[in-house]
Amino acid sequence: MATSKAIRQVLSGSLLPRLHHTDLSTNNFNSVHAIKTNVNNTREKFPVSMRVLKSCRRVYALQCRGGVFRGKTGVSRAESIGCKCQQAESVSGVTAEDHNETWVMGREESRPSVPVNGTSSALSTEEFGIGEQLKHEKGVLITNGELAAAGTIKDALHTGGVNLIEDEAWNLLRDSIVYYCNNPIGTIAANDPSSSSILNYDQVFIRDFIPSGIAFLLKGEYDIVRNFILYTLQLQSWEKTMDCHSPGQGLMPASFKVRTVPIDGDDSATKDVLDPDFGEAAIGRVAPVDSGLWWIILLRAYGKCSGDLSVQERVDVQTGIKMILKLCLADGFDMFPTLLVTDGSCMIDRRMGIHGHPLEIQALFYSALLCAREMLAPEDASADLIRALNNRLVALSFHIREYYWIDMRKLNEIYRYQTEEYSFDAVNKFNIYPDQIPSWLVEFMPSKGGYLIGNLQPAHMDFRIFSLGNLWSIVSSLATPDQSHAILDLIETKWAQLVADMPLKICYPTLEGQEWRIITGSDPKNTPWSYHNGGSWPTLLWQLTVACIKMDRPEIALKAVEIAERRISGDKWPEYYDTKAARFIGKQARLYQTWSIAGYLVAKLLLANPSAAKILINEEDSELTNAFSCMISGNPRRKRGQKRRSFII
Ligand code: GLC
């Protein structure tokens, strides 16, 4: 298997960033042997992944061995990447051979690594320690030394038909797996046989895969997550355009799809190709800002859970992390440290009035910065990036904790705000007019509890409560410990509104009437108390559970899981629920929505073994806290402070 020197250079990352600055001819790649698979067999077994896109695109097949990309084309515009799958070759033979092969990208050439298809072994990590090393027996997650305790909790949890629900969920999750050249690489968004319009729910969404990936990690099934991380990394280098305009290079797709296409001139042979969507086909044509952030978070979780740090250490993976960071940390016109994004760039992927600096993106951004800092290899070339990252972390946490936080005290402060303060030491920095305080909030705000608002712009505070942003602010320590407890207090106090008959409201309250017309553009899917507009999303259970475990209040999550268990399986795992109290299955909700299934499973697995939540949590960083205190004392709200400083951490 001769690999040319040029290819090796590319594969080893020395010619990164990928898919650029290369003069390699396609011929070079044809010399790389492709994995040979029995496609007929594959089609029968995994029909969902093989559905063909309506519009066929140009195909530049990147050939892979053992399901791993080995190179790239010399063309400047790639639209699909793929691997050849030829009939009549022995699948088992090739697979067995490939089991023994090492990865050929990045650093893998210079040192041994985990086989592509082989079973990775769970290594103990510092976080888990020997006593907590995860083990898996007969599909039941247990921890060394904690077997009895875990068992007791599980027994308590597994009353009645709960075990059956979990079994069903695992079967459904496995049925949703998408294969690429016979390797599991993700899960489709929904597997709803009753739905006549599939839209893009047969694709692997990056954000939707996160709970699936975590469920597999917690179950000790690491390969699918590893494959997902590495294949989506390849998609990052896509040259993507919309109407002749290209977004930034580090962008990760919102979703991708596997297609099986015949190889020219050979009827008996096919190849699998990956087709990403960066938003150029998505409804509203919005770039998914959250994808890259979730990718970094999952990468860290993979390393922590599996103990296999070789993935995050690879040169191409390091480059991928840096590309995402560079895109997020690029200078712009902004005065704020928060990321400025367009509407629909995250879980809420349609117009819902969240353009600007939505909390969800800021929480994921903060989390991804912390995760990336942990994983970036220390090297001189990254010094500037790491400095920028540290400065951003401090500024971002200050900004969110100070200006997004709202509770009874802060609300009263806003109520009495002076406006039009032209000065350096204005109290009402963003010129918020007190009349903006919505009447629902005056009634709603409990004396105990608080939350981070949805968005902050000049003269505008979006007072809606967005669950994911608040929960992930707890998980990532973007919120202070006091704020984190207060958010959970609010969820407990306002249970009837936020949880009701199905956890959890995506946002509260809903937009109605004229506001709905103007803000959503009269979106018939986002009608009041439906979908993104105050609908209830079972997938949010997993983020709720991680947040509750972090704050040592798992009983809140346990209660929410019990509520979900009453209906979710009988209702066929809907994507979302409608009405104020979440009583109806969503009007246009898909059934058998994978992240509803995976979210439930992750919640169950974590409640049975809370220490495993560490793979997702970012603990409060004491150096950041110190820097934060310095900023607080220099805050003009209290007193105009010193000159602008940068904090070197
Ligand atoms: C909906 C959700 C989005 C999700 C997609 C696929 O559009 O709003 O967050 O990724 O469905 O499930």
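Reader: How many aromatic pairs does a search of the whole structure find? Then take me through the pairs of tyrosine 508.

Author: This is a predicted model, so local features need pLDDT of at least 70 and side-chain atom pairs count only at pLDDT 80 or more, while totals for chains, interfaces and linings use all residues. Residues are numbered from 1 along each chain as its sequence is written, and side-chain values use heavy atoms, with hydrogens and water left out.

The search finds 19 aromatic pairs. A pair means rings of Phe, Tyr or Trp (its six-membered ring) with centres within 6.5 Å; planes under 30 degrees apart are stacked, over 60 edge-to-face, and the rest tilted.

Start with tryptophan 440 and tyrosine 508. Their pair is edge-to-face, with 5.9 Å centre to centre and 85° between the planes. Tryptophan 440 sits in helix H15 (residues 439-444), tyrosine 508 in strand E14 (residues 507-508). Helices (H or I, at least four residues) and strands (E, at least two) are DSSP runs, numbered from the N terminus. The two residues are 68 residues apart, so the pair links distant parts of the chain.

Tryptophan 440 is partly exposed, at 24% relative accessible area. Tyrosine 508 is buried, at 10%. Buried is under 20%, exposed over 50%, partly exposed in between (1.4 Å probe, protein chains only).

Tyrosine 508 also pairs with tryptophan 529. That pair is tilted: 5.8 Å centre to centre, 50° between the planes. Tryptophan 529 lies in the loop between helix H19 (513-520) and H20, so the pair ties E14 to a part 21 residues apart in sequence. Tryptophan 529 is buried, as is tyrosine 508.
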